Amino acid sequence: MRVTQYAHATKQTKQTRFPRAVAGIAVLALGLGLTACGGDSGSSGGKQEFHVLVYGDAGNKVERKIVAEFNKTSKVKAVLDTIPGADYQQKLQTIINTKQAPDVFFNWGGGSIQPFVKAGLLRPLDDMMAKDAGLKDNFLPSVLNTAKVDGKHYGIPMRGTQPVLLFHNKKVLDEAGVKPPENWDQLLDVVKALKAKKVTPFALGGGDQWPTLMWFEYLYDRVAGPGLFEKALSGDKSAWDSPDSRKALALLRELVDAGAFGTNYDSVKQTDQGTAQLLASGKAAFELMGSWEYSTVKEINPDGLENIGWSNFPSVAGGKGDPAAIVGNTNNFYSVTKKAQHPDAIADFLKLMYSDSFVKQQLAIGNLPTTTNTEKFLDTTDDPAYAKYQLDLVGKAPSFQLSWDQAYSPANSTPIHRAVQQFTNGQLDADGFIKAMQALTTS
């Protein structure tokens with residue numbers, strides 16, 4: 001196995017929003033990337049090899065082992081290349097239509113690959129699935145389908161799922177005499193009870209903007225079901241100005257005005273462990289955050305984990321959404337470029353993404369693979385109950401809505417975050433938020 005790494009300049013910008021990235025990189029000239037990789041890093045160049053490009057982080061430990069495992073028996077060798085940093089997507093966009101383009105590459109599905117599909121740069125994987133049904137049948141459908149574009153599959157899950165959960169501090173809730181809310185009215189009652197105890201009801205990293213987006217995603221789903229966002233994503237801008245959209249915004253305003261997030265949430269961040277500190281210390285009772293927050297709390301306060309509980313987002317009376325539906329980051333995916341050679345070897349490589357070896361190695365580093373054989377290995381994790389809860393939640397979810405800023409193309413990420421922050425802090429009213437979302441591009 002040969003592992004190469006693209007030249008980069010790194011600076012710490014934000015903690016892993018797993019599977020979203022954390023550290024930033026300055027995108028360098030293509031020539032530097034070529035030099036760092038010792039040749040044409042993306043193309044097989046007539047050699048019996050194909051290149052696999054991944055986001056450079058701790059997860060590469062497993063990816064290196066899987067590549068080595070594959071190369072032991074394959075005549076066509078896999079070469080692992082990495083790009084560290086939060087600008088992975090930007091660097092990928094720079095090289096995807098050049099000779100440096102990888103054969104197989106890491107992505108987030110949804111909007112992150114849609115522009116590549118529209119440009120005719122990716123290979124649909126349906127032919128591979130037709131030859132080997134395992135490439136489709138061995139993954140949870142709610143996850144696999146988030147890498148479908150225009151009805152075709154363009155991604156194979158390759159790390160772990162991260163649903164957004166409502167975490168709580170058991171000790172704080174017991175002292176306040178409240179329980180995790182099951183519906184919206186209970187949630188508002190919980191806010192009042194916790195404020196009376198001088199406890200911030202919900203820790204919110206508004207300074208990062210994207211944590212606030214999670215509240216919008218869940219409330220829109222509970223009020224309108226997944227159809228509204230799917231309609232908006234398809235290009236129908238009227239979805240944002242629908243009665244359901246305005247109802248979700250009204251509930252969000254009600255929550256903010258009730259003091260659910262305190263008063264300084266825009267100066268608090270998740271990326272510096274600020275919200276995890278609030279939750280673990282008991283200064284906040286709840287936090288709506290991706291499942292990776294469990295590991296963050298474990299890192300800063302291992303002894304405090306016994307006080308951390310979790311539940312799904314509450315239902316909304318009269319809402320069209322299923323209370324079992326979830327939002328978040330479904331998984332990371334491997335996609336295949338159209339120019340890639342050795343499709344049969346690549347298919348064999350992708351089959352390893354549901355192998356027992358792969359699942360056990362991912363669980364060992366804290367990832368939760370979305371394969372049908374994951375459950376039998378859950379007892380090997382540090383916290384089987386937490387792992388089982390997540391897998392059961394994902395497996396039973398009637399829909400798993402990909403985070404808005406990942407479902408839309410990357411160019412929309414900043415406008416989405418800005419609109420969410422400005423509505424929450426009162427700089428935009430409902431009309432202003434709707435106008436901002438209607439301005440998003442869908443291609």
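User: What covers the buried residues of α16?

Analyst: Cover is read from contact, which means heavy atoms within 4.5 Å. For the buried residues of α16, the cover includes α2. Helices are DSSP runs of H or I with at least four residues, strands are runs of E with at least two, and both are numbered from the N terminus. This is a predicted model: local features need pLDDT of at least 70, side-chain atom pairs count only at pLDDT 80 or more, and totals for chains, interfaces and linings use all residues. Residues are numbered from 1 along each chain as its sequence is written, and side-chain values use heavy atoms, leaving out hydrogens and water.

User: Which residues of α16 are buried?

Analyst: Buried means under 20% relative accessible area, exposed over 50%, and partly exposed in between, with a 1.4 Å probe and protein chains only. In α16, which spans residues 356-364, the buried residues are Phe358, Val359, Gln361, Gln362 and Leu363. Just after this helix, Gly366 has a positive phi of about 95°.

User: How is the length of a helix such as α17 read?

Analyst: The span is compared with an expected value, 1.5 Å times one less than the number of residues. Helix α17, residues 384-396, has 13 residues and reaches 18 Å from first to last C-alpha, close to the 18 Å expected.

User: Why do the buried residues of α17 line one face?

Analyst: The arc is taken over the directions from the helix axis to the C-beta atoms. The buried residues are Tyr386, Ala387, Gln390, Leu391, Leu393 and Val394. Down the axis of α17, they fall within an arc of 160°, so they line one face of the helix. Their cover includes α7 (141-144), β10 (162-169), α14 (293-300), β13 (308-311), β14 (326-329) and β16 (400-402).

User: Strand β10 is in that list. What does the side chain of Gln162 reach?

Analyst: A polar contact is a pair of N or O atoms within 3.5 Å; within protein, one must be able to donate a hydrogen and the other to accept it, and residues adjacent in sequence count only if both atoms are side-chain atoms. Gln162 lies in β10, and its side chain reaches the backbone oxygen of Gly160 at 3.0 Å. Gln162 counts as buried, at 3% relative accessibility.

User: How many aromatic pairs are found?

Analyst: A pair of rings is described by the distance of the centres and the angle of the planes. Rings of Phe, Tyr and Trp (its six-membered ring) pair if their centres lie within 6.5 Å; planes under 30 degrees apart are stacked, over 60 edge-to-face, and the rest tilted. The whole structure holds 34 such pairs. Phe50 and Phe70 have ring centres 5.7 Å apart and planes at 65°, so they are edge-to-face. This pair links distant parts of the chain, 20 residues apart: Phe50 is in β4 (residues 49-56) and Phe70 in α2 (residues 60-71). Both Phe50 and Phe70 are buried. For Trp215 and Phe313, the centres are 5.6 Å apart and the planes at 75°, so that pair is edge-to-face. Trp215 lies in α10 (residues 210-224) and Phe313 in the loop between β13 and β14, 98 residues apart.

User: Which residues does Thr337 touch?

Analyst: Not counting residues up to four places away in sequence, Thr337 touches Ile96, Pro102, Asp103, Phe105, Leu121, Leu122 and Arg123. The C-alpha atoms of Thr337 and Ile96 are separated by 8.3 Å, although the residues are 241 apart along the chain. Thr337 lies in the loop between β15 (333-336) and α15 (343-351).
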